[in-house]
Amino acid sequence: LFDLRENLLGGTLEDLRDRLARTRWPDQIPNSSWEYGTDIEYLRDLCEHWQTKFDWRVQEDRFNRWPHFLTDIDGQQVHFIHARSPEPDALPLLITHGWPGSVSEFLDVIEPLRDPRSHGSDPATAFHVVCPSIPGYGWSGPTVAPGWDVKRVAEAWKVLMARLGYDRYGVQGGDWGAFISAQLAALDSEHVVGLHSNPLLALPSTAAETALTEQE
């Protein structure tokens with residue numbers, strides 16, 4: 001079990017605020033905005049927000065509402081949220097984020113997925129939710145070896161779901177998570193019972209085989 005609050009002890013937040021306060025700002029051509037790069041006033045406001053307004057402890061509380069875990073798969077640390085449903089017959093569902101995202105994308109949907117009864121929906125649609133962080137992202141990082149492509153991540157997710165004891169589950173993903181989920185559905189077709197993908201990409205074997213209308 002992994003507690004996010006313990007992960008940021010030792011002055012990490014204070015160090016971030018100090019480095020933001022000591023930012024050495026570049027000059028900007030007078031009367032210019034984004035023509036030559038990031039607008040300096042926009043960047044100052046952004047740094048001011050992170051230095052004085054953003055409250056990581058509030059975000060910790062949102063994260064820590066759910067159980068977090070660390071495991072080792074193929075020599076790589078893997079972090080994941082595992083939020084089981086109160087419905088005993090719930091279907092396990094593995095959802096994967098994209099780039100440059102994180103499991104934070106799912107914090108607001110975990111509860112209605114795992115407990116639809118409390119949200120006025122059919123309890124038969126409940127899921128045991130598993131949200132892993134892709135190696136190199138969040139608390140699954142940094143990667144310790146090259147080669148963590150879509151297929152290798154899918155292979156790791158197959159191991160993860162087996163370790164959790166799930167022999168029948170669905171997968172969902174967006175952005176890179178969509179490609180990982182599609183690979184996982186192919187790699188573990190014996191256990192994956194459904195795939196929801198956003199986006200879905202299909203490529204012809206050659207461009208010559210595709211006829212497009214003028215509108216297309």
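Is cysteine 131 buried or exposed?

Modeller: The model is predicted, so read every value as computed from predicted coordinates. Cysteine 131 is buried, because its relative accessible area is 0% and the cut-off for buried is under 20%. Cysteine 47 is also classed as buried, since its relative accessibility of 14% falls under that 20% limit. The structure has zero disulfides.

Next, serine 133. This residue sits in the loop that runs between strand E4 (127-132) and helix H6 (150-163). Its relative accessible area is 2%, so serine 133 is buried. Its side chain has a polar partner: the side chain of histidine 79, at 2.8 Å.

Serine 32 gives another buried serine. It belongs to the loop between H2 and H3. Its relative accessible area is 15%, so serine 32 counts as buried. Here the side chain reaches a backbone atom, the oxygen of isoleucine 29, at 2.6 Å.

Asparagine 31 is in the loop between H2 and H3. Its relative accessible area is 83%, so asparagine 31 is exposed. Its backbone deserves a check too: phi is near 65 degrees, which is positive in a residue that is not glycine.

Aspartate 175 can be read in the same way. Phi is near 60 degrees there, again a positive value in a residue other than glycine. Aspartate 175 lies in the loop between strand E5 (169-174) and helix H7 (176-187). Its relative accessibility is 35%, so aspartate 175 is partly exposed.

Now helix H3. It covers residues 40-53, which makes 14 residues. From first C-alpha to last, H3 spans 19 Å, close to the 20 Å expected at 1.5 Å a residue. Aspartate 39 caps the N-terminal end of H3. The cap is a side-chain oxygen of aspartate 39, placed 3.3 Å from the backbone nitrogen of glutamate 41. With a relative accessible area of 59%, lysine 53 is exposed, because the cut-off for exposed is over 50%. Lysine 53 and leucine 91 are 38 residues apart along the chain, and 40 Å separates their C-alpha atoms.

Then the largest pocket. Its volume is about 230 Å³. Eleven residues line it. Nearest its centre are Leu13, Leu16, Trp50, Phe54 and Trp56. By class, the lining holds seven nonpolar residues, three polar and one charged. Helices H2 (12-21) and H4 (56-63) each supply at least two residues of that lining. H2 gives the most, with four.

Last, the cis peptide bonds. One runs from tryptophan 99 to proline 100, with omega near 0 degrees. Proline 100 is in the loop between strand E3 (91-96) and helix H5 (110-114). Another joins asparagine 198 and proline 199, where omega is about 10 degrees. Proline 199 is in the segment after strand E6 (192-198).

Definitions and conventions
Residues numbered from 1 in each chain as written. Predicted model: local features only at pLDDT ≥ 70, side-chain atom pairs only at ≥ 80, totals over all residues. Heavy atoms only, no water. Disulfide = S-S within 2.5 Å. Buried < 20%, exposed > 50% of the residue type's maximum accessible area, 1.4 Å probe, protein only. Expected span 1.5 Å × (residues − 1). Polar contact = N/O pair within 3.5 Å; in protein donor to acceptor, adjacent residues only side chain to side chain. 1 Å grid on protein atoms, 1.4 Å probe; cavity = no way out; pocket = protein on both sides within 12 Å on 5 of 7 lines; lining within 4 Å. Points joined across faces, edges and corners; volume = space filled by probe spheres on them. Nonpolar A, V, L, I, M, F, W, Y, C, P; charged D, E, K, R; others polar.
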